[in-house]
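Please open the model in your viewer and keep the selection tool at hand.

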Amino acid sequence: MSSERLIYLPLGGAGEIGMNAYVYGYGRPGKERLIVVDIGVAFPDMDTSPGVDLILPDIAWLKERRDQIEAVFVTHAHEDHVGAVAHSYEALQAPIYARKFTANIARRKMSEHGHPDDAVTVVGAWPQQIKAGPFTVGFMPISHSIPESSAMVIDSPAGRVIHSGDFKIDRTPGVGEPFDDALWAELCKDGVKALVCDSTNVFSPLPGRSEASVGPEIERLVSGHDGMVVATTFASNVARVKTLAVAGDRAGRSIVLLGRSMNRMVEAALESGVMKDFPNCISPEEARGIPRENLMLLVTGSQGERRAASAQLAQGKFQGLELKEGDLFLFSSKTIPGNERGVIRIINQFSEKGVDVVDDSSGLYHVSGHANRPDLEELHDIAKPQILIPMHGEHRHLREHVKIANGKGIKGVLAINGMMIDLSGNAPKVVEYIETGRTYLDGSVKIGALDGVVRDRIRMALNGHVTVTVIMDADDEPLGEPWVDTMGLPETGRSNASLVDVLEEDLSQWLNRSGAKTLRDDDKLNDGLKKTVRQSAQNEIGKKPEVTVVVSRLN
């Protein structure tokens with residue numbers, strides 16, 4: 001039996017949707033040569049990560065094995081797959097491979113972080129392959145809601161693995177490559193050891209619809225409206241952006257792109273050649289001189305993001321343009337779970353202006369970029385893998401996907417973040433558990449999720465904050481009374497007296513009762529003063545605030 005093994009290790013994206021990072025390795029245990037597929041981000045929310053800018057996968061395990069990494073391969077240009085490539089480059093120093101459109105986006109990110117453009121190498125579609133240590137890797141075109149999405153065909157001495165990336169089976173995608181049945185059949189005819197497969201829509205029972213199906217419906221909606229029309233979608237869904245622009249153009253409207261990412265994605269699609277043409281656009285300045293019934297704005301912010309163009313328009317003017325009563329706003333997108341509150345806020349703000357809002361509840365104006373259950377099963381039938389490993393899904397998605405595989409006689413393996421799976425032989429097994437987590441980009445600094453920074457921020461948001469200042473003289477006696485500053489707390493409590501006065505009185509009494517041993521010891525002072533504030537505040541306002549104690553000694 002060979003002492004070398006083929007391993008699969010998800011560090012992000014397995015047991016969650018977003019922050020994808022997958023590792024494959026081949027070699028002797030602990031000495032494997034490694035490749036990484038995708039290093040993406042997740043997005044914060046005010047409930048669990050207030051103030052955080054981005055959430056990145058914890059790559060400590062990879063960083064320790066930097067000299068074992070052959071390459072990073074990026075399946076496509078969505079943020080949850082490419083968003084952390086530049087953030088991790090300094091730590092990993094591995095060459096990055098991507099197709100032309102994805103490379104265009106990745107290079108922009110690298111440039112923003114001061115990394116060299118040539119760290120990203122453009123690779124052609126299958127049958128071109130890249131040699132990376134014991135692996136040979138190719139980019140197999142597969143349809144998704146962004147151009148040039150690819151499954152990774154990973155060949156090793158232990159067999160062929162297909163990493164699906166995000167995909168749907170769409171034979172008429174508009175922009176990008178259609179699903180090629182013959183090419184896929186040829187790719188899989190000699191056997192596939194493992195299919196590592198997208199699980200996002202495993203609970204959707206109906207076959208997925210093509211991107212081509214939404215164009216006529218959007219055209220009917222736009223041409224049938226009298227006022228200004230504004231539409232939002234994911235900027236990265238270049239096919240949809242073009243569908244919307246063409247619909248507006250055919251209705252005799254001038255097209256305006258609003259939002260940095262909307263402009264950037266259209267530029268990248270044209271520069272890389274994945275989109276051959278796009279209707280002429282005018283600037284916001286030019287749009288101000290055109291009758292509103294002759295305008296169509298394509299804007300960022302389909303998920304309710306506060307700083308995006310949609311939210312700005314909902315609040316008032318944006319770049320001199322404003323929605324008014326009788327205008328139409330179209331969400332040509334699905335609201336990602338967790339973003340509902342932001343989207344509903346924008347819908348209500350538009351409603352107050354008299355703007356008609358149309359969303360995707362009818363199913364007419366959006367199709368998903370992920371394979372529904374029948375399409376997943378179709379890929380299983382084409383690939384006929386020995387092993388199926390679900391990824392890109394929450395635990396419930398992965399578990400359901402394993403059930404489907406087992407029901408078809410395929411060995412399903414439920415692997416969440418941190419589970420290292422040995423794919424050698426015919427009996428995949430968990431061989432190690434790696435500690436995984438997340439790293440927060442907080443402003444310009446990276447902090448660990450367990451560092452306590454965000455935890456303290458949440459506690460302050462929930463309970464408020466009190467600063468206690470005490471001055472001790474040379475004889476270790478209090479010099480004057482302690483004083484208190486509060487933040488995020490009411491001015492008065494149950495006693496109807498000033499909260500600050502109540503806290504200062506209780507602190508003063510505690511100090512007067514304390515013995516010399518306590519007054520000499522900063523730690524004992526700190527603990528006692530904190531406990532007194534929390535008990536006093538609990539009695540007055542029913543909350544135990546976070547407390548900072550400052551002891552100054554005049555010796």
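**Stop one: Asp442**

Select Asp442 and, leaving aside its neighbours within four places in sequence, you will find it in contact (heavy atoms within 4.5 Å) with Gly51, Val52, Asp53, Ile447, Val453 and Arg457. This is a predicted model, in which local features need pLDDT of at least 70 and side-chain atom pairs count only at pLDDT 80 or more, while totals for chains, interfaces and linings use all residues. Residues are numbered from 1 along each chain as its sequence is written, and side-chain values use heavy atoms, with hydrogens and water left out.

Asp442 belongs to strand β24 (residues 438-442), where a strand is a DSSP run of E with at least two residues, numbered from the N terminus. Now show the side chain of Arg457 as well: the side chain of Asp442 makes a polar contact with it at 2.8 Å. Such a contact is a pair of N or O atoms within 3.5 Å, and within protein one must be able to donate a hydrogen and the other to accept it, while residues adjacent in sequence count only if both atoms are side-chain atoms. Asp442 counts as buried because its relative accessibility is 17%, and buried means under 20% relative accessible area with a 1.4 Å probe, protein chains only.

**Stop two: the cavities**

The structure holds three cavities of 30 Å³ or more; a cavity is a set of points on a 1 Å grid over the protein atoms alone where a 1.4 Å probe fits but cannot get out, and its lining residues have an atom within 4 Å of a point. Select His144, Ser145, Glu211, Asn237 and Ala239, which lie nearest the centre of the largest cavity among its 16 lining residues. This cavity has a volume of about 90 Å³. Next, select the lining of the second largest cavity, which includes Ile142, Ser143, His144, Pro173 and Glu177, and whose volume is about 50 Å³.

**Stop three: the tyrosines**

Seven aromatic pairs are counted, the rule being that rings of Phe, Tyr and Trp (its six-membered ring) pair if their centres lie within 6.5 Å, with planes under 30 degrees apart called stacked, over 60 edge-to-face and the rest tilted. Select Tyr8 and Tyr24, a tilted pair at 5.5 Å centre to centre with 50° between the planes. This pair links distant parts of the chain, with Tyr8 in strand β1 (residues 5-12) and Tyr24 in strand β3 (residues 21-27), 16 residues apart.

Key:
Helices (H or I, at least four residues) and strands (E, at least two) are DSSP runs, numbered from the N terminus. Buried means under 20% relative accessible area, exposed over 50%, partly exposed in between (1.4 Å probe, protein chains only). On a 1 Å grid over the protein atoms alone, a cavity is a set of points where a 1.4 Å probe fits but cannot get out, and a pocket is an open set with protein on both sides within 12 Å along at least five of seven lines; lining residues have an atom within 4 Å of a point. Grid points are joined across faces, edges and corners, and a volume is the space filled by probe spheres set on the points.
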